[in-house]
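Thanks, everyone, for making the time this morning.

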Amino acid sequence: MNTTAKPGIALITGASTGIGARYAQRLAERGYDLILVARNRERLQTVAASVGAATGRNVEILPADLTQEAGLALVQHRLANDAGITMLVNNAGLGATAPLVESKQEDLDRMIFLNVNALTRLTRAVAPGFAARGHGSIINIASIVAVAPEVLNGTYGGSKAYVLAFTQSLQHELGAKGVRVQAVLPGAISTEFWDHAGVPVAHLPGEIVMNVNDLVDAALAGLDLGEVVTIPSLPDHADWDKFEAARLAMGPNLSRSKPAARYTA
């Protein structure tokens, strides 16, 4: 386990249950004090009391609805002005399983706002300070649908593809400045996410569903290994390396002065 004498403070969004609550436990065990963000104050208080009692760390709750301007601005302000924060875990997100044509527009709008706009604004709030101080970690929870757009709702997949591309760009921009950046791409995880998305997790094949504790432990192991992209279910990381190599190999040919011959014959 990689730790430092004074890890600082980790701010975790979507921290009242599931993946966020497990990150709270594990990061506190690593010595981080915590700021836990979610809409549900009572659930936050329960997680904070449990984690604080088990680890002895300082655990603060910051109730906020990140789909609302007031809540988002509150958390942005804290990230931008608290130099004690050394890690941001962008875990809050919404999903959908229904096809586009069967989805309500207001539900899609809310999902895009939380998965894309809010994540970007929180990252933008904390990144300048991390870069200036020469250290800090940004963990963005994406999804395997970022590279498998045929799975689930396309708007959800598109929002998570944004998270992946955004994280890779952040690594390019901030990696040399001492900032660690990671995108975590879970598959199906046994959390309340599926109930909200429209398909209870009990309806999924058991062989594709990972326990939330295993997911977070694997993600943190990936962070310790220095992975920019962590796919906890992927047996051989070389498969991702090949995927990335193929993408990068296209780079020199993606912008040229003439169309490809097949379009001009």
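Let me begin with Asp224, which is partly exposed with a relative accessible area of 24%, where buried means under 20%, exposed over 50%, and partly exposed in between, using a 1.4 Å probe and protein chains only. Please keep in mind that this is a predicted model, in which local features need pLDDT of at least 70 and side-chain atom pairs count only at pLDDT 80 or more, while totals for chains, interfaces and linings use all residues. Residues are numbered from 1 along each chain as its sequence is written, and side-chain values use heavy atoms, with hydrogens and water left out.

The side chain of Asp224 meets that of Arg30 in a salt bridge at 2.9 Å, N to O, the term meaning a side-chain nitrogen of Lys or Arg within 4 Å of a carboxyl oxygen of Asp or Glu. Because Arg30 sits in the loop between helix H1 (18-29) and strand E2 (33-38) and Asp224 in helix H7 (residues 212-224), the pair ties together parts 194 residues apart in sequence; helices (H or I, at least four residues) and strands (E, at least two) are DSSP runs numbered from the N terminus. Arg30 itself counts as buried, at 13%.

Across the whole structure, a search finds eight salt bridges, and Arg26, Glu29 and Asp217 are linked in a network of them.

Finally, Leu114, in helix H4 (residues 105-133), is buried at 9%, and its contacts, meaning heavy atoms within 4.5 Å, include Leu66, Ala92 and Leu119.

Terms used. Lists of a residue's contacts leave out its neighbours within four places in sequence.
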